[in-house]
Amino acid sequence: MARVRTTRNPLVIAAVALTVVAAGAAGWGGWSRYEASHDDAAAYAQARDEALAAGEQAVQNMNTLDHARLEKGLDSWEDSTTGDLHKQLVDGRDAFVKQIEAAKTVSTAKVLSGAVTELDDRAGKAGVMVALRVTVTAPEGEPAVKESRMLGQLTRTSEGWKLSALGQALVGNTAG
């Protein structure tokens, strides 16, 4: 009967150990990636980020208007909105054009910060608060600069998140 002689070669042992460790790391990495891609928290965070970006842009659009490019600006307002707010803008467009053409003002807005105040991803509803710096330039005089906070309600449409309501946020102590 022949005996099979086994040698304990350190290179073979190291190669087997490294193979086992590499397979374990690959399996753990794959499982972690699978969990992350199917994590509700990640999907919720993405929806929140999309709502915030759309809300900030829409609020900025609604506070930016140049009398020299009025039609483009008002189109931007309408493209940023949905629901009753959109209807109000469309219905009041002609009167607003007359006001802005007479005033000959240019307003530009810059978003300072923003936050999602509420998000119901399943219902397609979100709320945002956006801090802005708005500069209004009239034909004569110095530009007027004002910082304000706006509260917006967003509705998800087939084209993405759009403003369905917009108003000024209360500033100061409201606790009676």
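Me: Which residue in E5 is the bridge partner of Arg156?

Reply: The model is predicted, so that local features need pLDDT of at least 70 and side-chain atom pairs count only at pLDDT 80 or more, while totals for chains, interfaces and linings use all residues. Residues are numbered from 1 along each chain as its sequence is written, and side-chain values use heavy atoms, leaving out hydrogens and water. Strands E4 (residues 144-157) and E5 (residues 160-168) run antiparallel and are joined by eight bridges, where strands are DSSP runs of E with at least two residues and helices are runs of H or I with at least four, numbered from the N terminus. In E5, the partner of Arg156 is Trp161.

Me: How many bridges pair E3 with E4?

Reply: Two strands pair if DSSP finds at least two bridges between them. Strand E3 (residues 125-137) lies antiparallel to E4, with Ala126 opposite Leu154, and the number of bridges is twelve.

Me: Is Lys104 buried, partly exposed or exposed?

Reply: Lys104 lies in the loop between helix H5 (93-103) and strand E2 (106-120). Buried means under 20% relative accessible area and exposed over 50%, with partly exposed in between (1.4 Å probe, protein chains only). Because its relative accessibility is 44%, Lys104 counts as partly exposed.

Me: What arc do the buried residues of helix H3 cover?

Reply: In H3 (residues 70-79), the buried residues are Leu70, Gly73, Leu74, Trp77 and Glu78. They sit on the same side of H3, because the arc they cover around the axis is only 140°. This arc is taken from the directions from the helix axis to the C-beta atoms, and its value is 140°.
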